[in-house]
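Dear colleague,

I am handing over the structure below, and my notes on it follow. Please read them alongside the coordinates.

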Amino acid sequence: MANDEIRNLVIITTVIFLIAPTFIVVYILIYNQRKKRHLLEKQQMQLTFEAELTKTQLEVQEQTMQTIGADLHDNIGQLLSLTSLTLNSIELDNETKARQKINDSIGLTLRSIKEMRLLGHLLQGDQLVALGLPEAIRQEVSWMERSGRYEIVYIPGEELPAAGNPDKDLIIFRIVQEIFNNIIKHAAATQISIALDHFDGHLKLTMTDNGVGFNADSLPGGKAGMGLQNIRKRAAIIGGEAAIISSPGEGSRVTISIPYP
């Protein structure tokens, strides 16, 4: 009986020693496959982020050129046309009136120069974002206010990190532009509030308007819906999330929360 027990023990031990390396090999293969899959997913996420960053840079440039084109047509073009009309209407035989019109033309020319300088600052889009996200948003707010259609309250947080994240800043800045575009095209709003805060390692951007609103449970179709989907997608790409709250006649609120910097 004892011999049988010893024999069984030897057999079991032998089987264990034979099977154990197989389990180890299988475990190593599974681990390597998971590690490889994780690296591939990480590489794919990095490629997606870089592609989105490039797309965002192009969109910011396009938005900048659209703003410049509109301002050249609506503002500087009118100033220069008015300057030309004033100069052409000068009557040289009436010195008093001629001097007044010359002074008016000088004033219009100085206003045109000031507007051109502002456009020069706008052309420096990359440098603008490099100055920091709060300042980039402040400049965008100033261009919105120039239309005279909106009352805007902008409150940048006092606890923002001194050293930001330029890549995240660019995408967040584009999200701000996207929200402004939605307000301009669809909201029919007159008041906008913007708050930028930082706490617990997260940046929180909140933008609210008093526009017509929409049903947030079913995003509107067409470009409006695409714009809101882009906001959510971009927030997700940099590790954050976007909450969109709205209802018909009640305006809209978009809140972005992102790990930062």
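Two strands are taken to pair if DSSP finds at least two bridges between them, and helices (H or I, at least four residues) and strands (E, at least two) are DSSP runs, numbered from the N terminus. This is a predicted model, in which local features need pLDDT of at least 70 and side-chain atom pairs count only at pLDDT 80 or more, while totals for chains, interfaces and linings use all residues. Residues are numbered from 1 along each chain as its sequence is written, and side-chain values use heavy atoms, with hydrogens and water left out.

Strand β1 (residues 151-156) and strand β2 (residues 191-199) run parallel and are joined by 6 bridges, and V153 has S193 in β2 as its bridge partner. Between β1 and β2 the chain passes through helix α5 (residues 166-187), in a β-α-β crossover that is left-handed; right-handed would mean that, with the strands pointing away from the viewer, the path from the first strand over the helix to the second runs clockwise.

The protein chain holds 6 helices and 5 strands. Its radius of gyration (over C-alpha atoms) is 31 Å, well over the 18 Å that the globule rule (2.2 Å times the number of residues to the power 0.38) gives for 261 residues, so the chain is more spread out than a compact globule. Along its principal axes the C-alpha trace spans about 135 × 40 × 35 Å.

T86 lies in helix α1 (residues 2-88). Leaving aside neighbours within four places in sequence, T86 is in contact (heavy atoms within 4.5 Å) with K101, D104, S105 and L108.

Best regards
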